[in-house]
Amino acid sequence: YLAGMLAGGMTRSNTIAFIGGIELPPIKDAEAAWVAGARRVNPAIVARSTYLNTFDDVAAGREAALALLQAGADMFHHNADQAALGAFQAVKESKGAFIFGANLDQSALAPERVLGSAIIDLPRAFLTVAREVRAGSFTPRVETFGLKSGVIRYEANPVLEASLPEALRTAV
């Protein structure tokens, strides 16, 4: 959601793109949050997405990103594991496009093109559940972790953070 807010505020084309590995509920949820965040700050957003049916095909990730660039996208997010490396490659080679990291800080993949990363701290999630088990208070359920839990966080790329409008940074 926070990455989407930045994308919505920074886009010049009003077109954002999401590349997913396989169309699974948590990946669709991530896409929906990305789009909702973008539309919060820019209701004119056009959201495009593609699913690769693989998490491993770097060439497919690159081809998907190139097609989305051709369709006018200038802000990208992903949940595609290794396949996303192709998207980073395509964005690095284009002028004026940016991409957000997913699951870990991916700013090193394209320091001048990654505005920030949505990070998941899986060990923290496992420890949270393990503490409940240890305390005897665990009940089987689907658990959704958000920003308050500390399991999910947004980290800006320090190389580009100063180039973001102050009002947008404050909102995020």
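The questions and answers below concern a predicted model, beginning with its largest pocket.

Student: What is the volume of the largest pocket, and which element gives the largest share of its lining?
Tutor: The lining of the largest pocket is made up of 31 residues. Elements that give two or more residues to this lining include helix 1 (2-10), helix 2 (25-41), strand 3 (75-79) and helix 5 (122-135). The volume of the pocket is about 910 Å³. The largest share of the lining, six residues, comes from helix 2.

Student: Which residues lie nearest the centre of the largest pocket, and how many residues of its lining are nonpolar?
Tutor: Nearest the centre of the pocket lie Pro26, Ala30, Ile120, Phe145 and Ile152. By class, the lining has three charged residues and seven polar ones. The nonpolar residues of the lining number 21.

Student: Which residues are linked with Lys28 in a network of salt bridges?
Tutor: Lys28 forms a salt bridge with Glu23, where the closest N and O atoms are 3.6 Å apart. The side chain of Lys28 also meets that of Glu31 in a salt bridge, at 3.5 Å from N to O. Lys28 and Glu31 both lie in helix 2, three residues apart, which is about one turn of the helix. The residues linked with Lys28 in the network are Glu23 and Glu31.

Student: Is Glu31 buried or exposed?
Tutor: The cut-off for buried is under 20% relative accessible area. Lys28, a salt-bridge partner of Glu31, has 33% relative accessibility and so counts as partly exposed. Glu31 has 12% relative accessibility, so Glu31 counts as buried.

Student: What is the N to O distance in the salt bridge of Arg141 and Glu132?
Tutor: The count of salt bridges in the model comes to seven. One of the two partners here, Arg141, is partly exposed because its relative accessibility is 40%. The side chains of Arg141 and Glu132 meet in their salt bridge with an N to O distance of 2.8 Å.

Student: Which residues form a nonpolar patch on the surface, and what is their accessible area together?
Tutor: One member, Leu85, is found in helix 4 (residues 84-93). Leu85 has 31% relative accessibility and therefore counts as partly exposed; a patch takes residues with over 30% relative accessible area. The patch is formed by Val58, Leu85 and Leu109, and their accessible area together is about 180 Å².

Student: Why does Phe126 count as exposed?
Tutor: Phe126 lies in helix 5. The cut-off for exposed is over 50% relative accessible area. Phe126 counts as exposed because its relative accessibility is 60%.

Student: Is Phe76 buried or exposed?
Tutor: Phe76 is found in strand 3, one of the elements that give two or more residues to the lining of the largest pocket. Between the C-alpha atoms of Phe76 and Arg48, 28 residues apart along the chain, the separation is 9.6 Å. At 0% relative accessibility, Phe76 counts as buried.

Terms used
Residues are numbered from 1 along each chain as its sequence is written. This is a predicted model: local features need pLDDT of at least 70, side-chain atom pairs count only at pLDDT 80 or more; totals for chains, interfaces and linings use all residues. Side-chain values use heavy atoms; hydrogens and water are left out. On a 1 Å grid over the protein atoms alone, a cavity is a set of points where a 1.4 Å probe fits but cannot get out, and a pocket is an open set with protein on both sides within 12 Å along at least five of seven lines; lining residues have an atom within 4 Å of a point. Grid points are joined across faces, edges and corners, and a volume is the space filled by probe spheres set on the points. Helices (H or I, at least four residues) and strands (E, at least two) are DSSP runs, numbered from the N terminus. Ala, Val, Leu, Ile, Met, Phe, Trp, Tyr, Cys and Pro count as nonpolar, Asp, Glu, Lys and Arg as charged, and the others, Gly among them, as polar. Patches are made of residues with over 30% relative accessible area and no salt bridge: like charges are joined within 9 Å, nonpolar side chains (Val, Leu, Ile, Met, Phe, Trp, Tyr) within 5 Å. Accessible areas come from the Shrake-Rupley method with a 1.4 Å probe; for residues, only the protein chains shown count as cover. A salt bridge is a side-chain nitrogen of Lys or Arg within 4 Å of a carboxyl oxygen of Asp or Glu. Buried means under 20% relative accessible area, exposed over 50%, partly exposed in between (1.4 Å probe, protein chains only).
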